[in-house]
Amino acid sequence: YEKEEGTLRELRIFLREICAKLARNRQFFMFTKPVDVQEVPDYLSIIKQPMDLETMMTKIDLHRYLCAQDFLDDVDLLCRNALEYNPDRDPADKLIRHRACSLRDTAYTLIKAEMDSDFEEQCKEISRAR
Ligand SMILES: CC(=O)c1nc(NC(=O)[C@H]2CNCCN2)sc1-c1cc(O)cc(O)c1
């Protein structure tokens with residue numbers, strides 16, 4: 001059991017570094033904090049499950065991610081929300097869609113490049129057993 005806790009601790013350290021790296025990228029500034037409903041009043045009428053990088057960092061500390069794919073599921077949600085809220089040919093919409101896709105691709109590439117595949121397998125095994 002202690003070994004499992006060690007594995008999950010290592011996963012949290014790894015995910016914090018990935019999340020911090022994404023949040024440092026100025027291209028992703030609009031995804032770093034929850035959408036401000038003062039600025040974007042109709043947001044919650046369109047997007048039912050908001051997600052952002054600050055919320056994801058908090059979820060790491062709350063032990064809500066038991067494997068890297070759980071984290072990437074929230075990256076996918078963040079990206080889908082941006083595509084849904086910004087569907088038009090309007091250049092502002094296109095730019096936000098492009099940035100959202102770039103964030104998603106960057107997250108997958110960083111994790112695949114820096115994560116041991118059998119480490120992720122161990123995490124998934126722990127996740128399945130709980
Ligand atoms: C994150 C997101 O999906 C988002 N989308 C926007 N879209 C628009 O403003 C498009 C919508 N169609 C008409 C032309 N404007 S603004 C915005 C946003 C940006 C921030 O800097 C902070 C924040 O909280 C939210």
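Helices α1 and α3 run roughly antiparallel to each other, because their axes cross at roughly 170° and angles over 145 degrees get that label. The two axes, α1 taken over residues 2-24 and α3 over residues 53-61, come within 10 Å. Axes here are lines fitted to C-alpha atoms over the stretch in contact, with angles from 0 to 180 degrees between N-to-C directions.

A word on what you're looking at: this is a predicted model, where local features need pLDDT of at least 70, side-chain atom pairs need 80 or more, and totals for chains, interfaces and linings use all residues. Residues are numbered from 1 along each chain, and side-chain values use heavy atoms, leaving out hydrogens and water.

Stepping back, the protein chain has six helices and zero strands, counted as DSSP runs (H or I, at least four residues, for helices; E, at least two, for strands) numbered from the N terminus. Its C-alpha atoms fill a box of roughly 50 × 25 × 25 Å along the principal axes.

Back to that helix pair: on the α1 side, Arg12, Leu15, Arg16, Cys19, Ala20, Leu22 and Ala23 meet Leu53, Met56, Met57, Ile60 and Asp61 of α3, with contact meaning heavy atoms within 4.5 Å.

Now for the ligand. Around it sit Phe29, Met30, Val35, Asp36, Glu39, Tyr85, Asn86, Asp90, Asp93 and Ile96, each with a heavy atom within 4 Å. Polar contacts (N or O pairs within 3.5 Å) include a side-chain N or O atom of Asn86, 2.6 Å from a ligand nitrogen. A polar side-chain atom of Asp93 lies 2.8 Å from a nitrogen atom of the ligand.

Terms used
Angles under 35 degrees count as roughly parallel, over 145 as roughly antiparallel, 65 to 115 as roughly perpendicular and the rest as oblique. A polar contact is a pair of N or O atoms within 3.5 Å; within protein, one must be able to donate a hydrogen and the other to accept it, and residues adjacent in sequence count only if both atoms are side-chain atoms.
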